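Hi there,

Here is the structure I promised to pass on. My notes on it follow below.

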Amino acid sequence: MLNKALRLVRVYHDLSQVDAAERLGLSKSYVSEIEKGDKNVSMATLQKYSDAFDIPMSSLLLFAEKLEGAGKVENVRVFVADKAVKMLDWVATISEYRGSER
């Protein structure tokens, strides 16, 4: 779920993978691999996203919560994180649609 959240953060800021990679100090291929879920995200990389997009690491980590073996409180956190990702995806879709109207 973290890979989707990081992609949506990039899309929300209306950046291409190349632009995001430049802002983050990473390669475009690495950003692509992260977003596809092919690479694990290190704490150092999360810190780069946090700094570059002015988002608390705790908010980014919320998306990393896993449902496996979680109790009721964890299930609620994962549910909320999933809804937040879906909402960000909706906002990104609306933004892309409005951008194409111009």
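**What I found**

Reading from the N terminus, the protein chain runs α-α-α-α-α-α. That makes six helices and zero strands (helices are DSSP runs of H or I with at least four residues, strands runs of E with at least two, numbered from the N terminus). A word on the basis: this is a predicted model, where local features need pLDDT of at least 70 and side-chain atom pairs count only at pLDDT 80 or more, while totals for chains, interfaces and linings use all residues. Residues are numbered from 1 along each chain as its sequence is written, and side-chain values use heavy atoms, with hydrogens and water left out.

Of the 102 residues in the protein chain, 30% are buried (under 20% relative accessible area; exposed is over 50%, partly exposed in between, with a 1.4 Å probe and protein chains only). Taking contacts (heavy atoms within 4.5 Å) between residues at least 6 apart in sequence, 49% join residues at least 24 apart.

Most residues other than glycine have a negative phi. Asp14, in the loop between helix 1 (2-12) and helix 2 (17-24), has a positive phi of about 55 degrees. Asp54 has a positive phi too, near 55 degrees, and sits in the loop between helix 4 (43-53) and helix 5 (57-62). Asp14 counts as exposed because its relative accessibility is 70%, and for Asp54 the value is 70%, so Asp54 counts as exposed.

Enjoy looking around!

Best wishes
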